Amino acid sequence: MAQTKYIFVLGGVASSLGKGIISASLAKLLQSRGFSVTIQKLDPYINVDPGTLNPYEHGECYVTEDGAETDLDLGHYERFSNTPTSQANNVTTGRIYQSVIEKERKGDYLGQTVQVIPHITDEIKRRIMLLGDTGKYDFVITEIGGTVGDIESLPYVETVRQIRWEMGKDSCVIHLTLVPYLAAAGELKTKPTQHSVKTLLESGVQPDIIVCRTERPLTEGLKDKIARFCNVESSSVIESRDAKTIYQVPIMMREERLDAEVLRKTRMPIDSSPDLKKWEEFLYKLENPKSEVTIGLVGKYVELNDAYKSINESFVHAGAVNECKVNVKTIQSEYINIENISEKLAGLDGILVAPGFGERGIEGKIEAIRYVRENNIPFLGICLGMQCAVIEFGRNVLGYNSAHSTEMNPDTKYPVIDLMEEQKKIKGLGGTMRLGKYPCKIEKNSKTYEIYQTTNISERHRHRYEFNNEYLKKYEEAGMKGVGINPSENLVEIMELKNHPWFIGVQFHPEYQSTVAKPHSLFVDFVRATIENKQN
Ligand code: GLN
């Protein structure tokens, strides 16, 4: 295989311009021309991974197959490219420093003063090259978190400068900026872009391609102006208009020829053309739904959209398969109680109870589950959502009044959800959960089997507590069955309620595996069930 090309995506002017989506779209386009691509995110914060961050701060924590707790942008990468990412695809400043300090303590730098340049930058470089060195990729796209000019980003920008210098045309820098529209002047303004490129130049990095996020079309004149002020060719100024859905962005980037420009800059062949037929079919279904449902998402981080990113995207994929517009209505579980429950859940065609940690909002989740169980409303419980379904059933069907998870009540008389054996000895909270992909065996005589159409699946996990098998027999006799079991450890992975149209709780996170090319079958069938429920 030829030399791997390294593409860097940096951002300026403001955060939230969509670097992750631009990176994922570029990956999709290159991939659809037959190239192999991987995407990596470098995050400038000092947490070793985002696993210990509050979802309000940084949105959802995404989990890879190999059990890395990562930035939610990796979810976009997987959803767009349909290829799994790994621990190596997300690196934080914390992890970089941790490795350097560990090496220093081991004596690997004996006699040297350990410094940001070259030791930290070398470690960043090593982490970037790690993916290319596997020999599996034509392109490694590295997205640098944060905004150019931030103190935290400096070592990363310096590393990009060094790699550019060393690799020349085997690397390429894309800078994403904002071109704001000033209503009073009736004009799009290029000055922030000029300044942002200047800031980048102060660190010695000249961008090759400038992607301009804008509400309105950029005229050729404006592109020429940006080109002239920022030392790039006009064809390298790419317009990135606000899109109705993120899934339009690859199509828009193809029109703007972002991928062709990257190929030209890195001297790669441009003879292929991107084949996005499947993607366009998905988009067509997404934009032309034949029905509509509203699903309630009951959780405690509902104030921030990004906190349940993968769940929301899974509904987008599943909606398209069903040619149905899925409206997701978030419901703050803290405010749910027995008096207002029917009002809170009124008009909803199905309920998903979200994953989560800790006491807050738990009783509202349990109350919501009682309501959907008694009223035959389709229900999907994910992780804590499944655990709540177990608690609810214990309390209201089996008569275990004080049933609980020992996470919320360590002294409960009925610990129906309890800490896993292997978790009992663990002290720290960072990266110590049961994480990543584990196999699960599904019982043939179950709804879940009909959905998956196979008995052997594997799904990603992120939890410490599990169903307490001492109670399994009682639950099964009363109609709640453990239909999915981890074969080696005998852990209950899937709970299913008999005599209910659609009531499934899963200990794992199906949402991490749903992609545009492969929407997750649990979500697809759940949406189908909500359509059916609405029709009746
Ligand atoms: N807090 C629960 C546990 O640790 C559920 C975790 C989750 O929902 N991801 O087991």
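These legends accompany close-up views of a predicted model. Local features need pLDDT of at least 70 and side-chain atom pairs count only at pLDDT 80 or more, while totals for chains, interfaces and linings use all residues. Residues are numbered from 1 along each chain as its sequence is written, and side-chain values use heavy atoms, with hydrogens and water left out.

**View 1. Helix H1, residues 19-31.** Helices (H or I, at least four residues) and strands (E, at least two) are DSSP runs, numbered from the N terminus. From first C-alpha to last, the 13 residues of H1 reach 18 Å, close to the expected 18 Å (1.5 Å times one less than the number of residues). Twelve of the 13 are buried, so H1 is largely enclosed by the rest of the structure; among them are Lys-19, Ile-22 and Leu-30. Buried means under 20% relative accessible area, exposed over 50%, and partly exposed in between (1.4 Å probe, protein chains only).

**View 2. The salt bridge of Arg-264 and Glu-233.** A salt bridge puts a side-chain nitrogen of Lys or Arg within 4 Å of a carboxyl oxygen of Asp or Glu; the count comes to 41. Here the N to O distance is 3.2 Å. Arg-264 sits in helix H10 and Glu-233 in the loop between helix H8 and strand S11, so the pair ties together parts 31 residues apart in sequence.

View 3. Arg-528 is partly exposed at 32%, and Glu-532 is partly exposed at 41%.
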